[in-house]
Amino acid sequence: MKLSSEWLLTDSPETKGQALAGRAWRMWLALLGNPLAITGLVIVVALVLVSAFAPWIAPYSPIGQDLENRLLPPSWAHWMGTDELGRDIFSRVVYGSRLTLMIVLLVAAISAPVGLILGAISGYFGGWVDKFIMGVTDIFLSMPKLIMALAFVAALGPGIENAIIAIAITAWPAYARIARAETLTFRKAEFIDAIKLQGASPWRIIFNHVLPLCTSSMIVRVTLDMAGIILTAAGLGFLGLGAQPPLPEWGAMISRGRNFILDQWWVATMPGFAIIVVSLGFCFLGDGLRDILDPKNEGKS
Amino acid sequence: MTAIDLKDLTISYSSVPVVHGANFSVADGESFALVGESGSGKSTILKAISGLNDEWTGEIKLFGEKIDPKNRTDISRITQMVFQDPYGSLHPRKTVDTILNEPLAIHGIKDDGTRVLEMLSAVGLDKRYRFRYPHQMSGGQRQRVAIARALMIKPKLLLLDEPTSALDVSVQAEILNLLKKLRKEQNLTFLLVTHDLPVASFLCDRLAVMKGGEIVEIASREQMTKGELKAEYSNELLGVHAQKLGA
């Protein structure tokens, strides 16, 4: 079997795998046609690579102190300068990408499925189930995310794991809302009626037929939200409730740099710059994915 | 044996009755049509029989078995439905193969793919369509998939809700011929809902004319083709079609 674009784009695939690969390939081609999405993808891939190869990329230890070289401006030896304990900021930013990626992925992995499933259940069954679940999401949505995350971290105790849990708790209601709205649009569709008449149980319908239709908008939303998650995590770190020293978390680094922001601007600016770049990367990618995964575009070449 | 037996069936939507006391029975292997204008309640009867609407009183018997509207036993192995709009009745993100395998999976029937190929050839689709998505097919091809899906688990009764009205005229004839052929081959009972009298006379042995939620007349195909319908409204309906054909 030869892997070629004809094989991928054929109108009559011979196996299930070929049909799936063809669909993925078409999406990839659409993504390539969107420069902003490619920019986002490059940034996100770079983030993944940097965090995977942090020990080889970072020239110094992220926590090794060198008090003789404290608060040095950016130079060839220290690309982003050093902080108040003489630690190389570039190395810390590189290692910090691991924390950022971990926070983003864990929050998405916890809150997206929870929101998706609750939303689909709520929309599909309707009635008092819907009222109850949506009542709970309304309570969560009525409070600002950062404030609520703050309250949860304060209750659970500071630390990066608790920050992740707190952000996940604040993130799922938005996903539940989206999944519910999507479910409502095709709950009465004939293809759902058809499955019902085939004798499928409600759970089978929700998991096999409703959820696959919600996932694309969910992927878009989660990608777009990742910027917000990074900012919330950085906010918690800044307030001293997220990652604890000496962990090189970007928000916590800005918080330390605040003391020197007028004379040694690089201490706070460099991690801030990393936050902006990565957040923008996720935003661009999410925007691009929205264009590609939008069901209305499907079928159009 | 009777395939369908309706006694005094009254169906409501949100407590507003839309079908008033319908009575008819369809013999096993017969093909029966419900004809009428839109809003006459013909599709509503189909929905009540299939179970999509449970707000009804009276009695529905399928192959001698009484159906309870609130606590229905699974009748999917006895009866299946083909919907009007083939663009809306197929899951947009699933290949033909997945769509056709789903009924087998629901009923725990093990199969190595031969049933899918068998049904594809029965509805006249080449096997290269097997892994296509619905948006890669035409309306007629989609309707063939929908028919294949309905017949995957070998039901005895097929409910047809205007199966051709969303299709091009040339494709309509193909689908009607296919349905006729399948009925003969698989010994199916048809309950067809249509507003199109020629379709009814092509596919069905008997028909019931409906107006405003009531059955006005039940007649045989011969009676209709010879113009021997008794009720005034039936002849009116027939007249409209004659005019359309004449014009």
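Two residues count as in contact here if their C-beta atoms, placed from the backbone, lie within 7 Å. With that rule, the contact between the two chains takes 25 residues from chain A and 27 residues from chain B.

Some housekeeping: this is a predicted model, where local features need pLDDT of at least 70, side-chain atom pairs count only at pLDDT 80 or more, and totals for chains, interfaces and linings use all residues. Residues are numbered from 1 along each chain as its sequence is written, and chains are lettered from A, with ligands numbered from 1, in the order in which they are written.

Back to the side of chain A that touches chain B: α2 (16–32), α9 (190–197) and α10 of chain A are the elements giving it two or more residues. Helices here are DSSP runs (H or I, at least four residues), numbered from the N terminus. The top contributor is α9(A), with six residues. Here is that side by class:

| Class on chain A's side | Which residues count | Number |
|---|---|---|
| nonpolar | Ala, Val, Leu, Ile, Met, Phe, Trp, Tyr, Cys, Pro | eleven residues |

Now for helix α11 (residues 250–257) of chain A: seven of its eight residues are buried (20 or more other C-beta atoms within 10 Å of a residue's own). Among them are A:Trp250, A:Met253 and A:Ile254. Their cover includes α5 (89–125), α10 (202–238) and α12 (266–293) of chain A.

Over in chain B, B:Leu182 sits in helix α5 (residues 169–186). B:Leu182 counts as buried because it has 20 C-beta neighbours inside 10 Å. Leaving out residues up to four places away in sequence, B:Leu182 touches B:Ala122, B:Leu151 and B:Leu188. B:Ala122 is 60 residues away along the chain, yet the two C-alpha atoms are separated by 7.7 Å.

Technical notes: A residue is buried if 20 or more other C-beta atoms lie within 10 Å of its own, exposed if 12 or fewer, and partly exposed in between; C-beta atoms are placed from the backbone.
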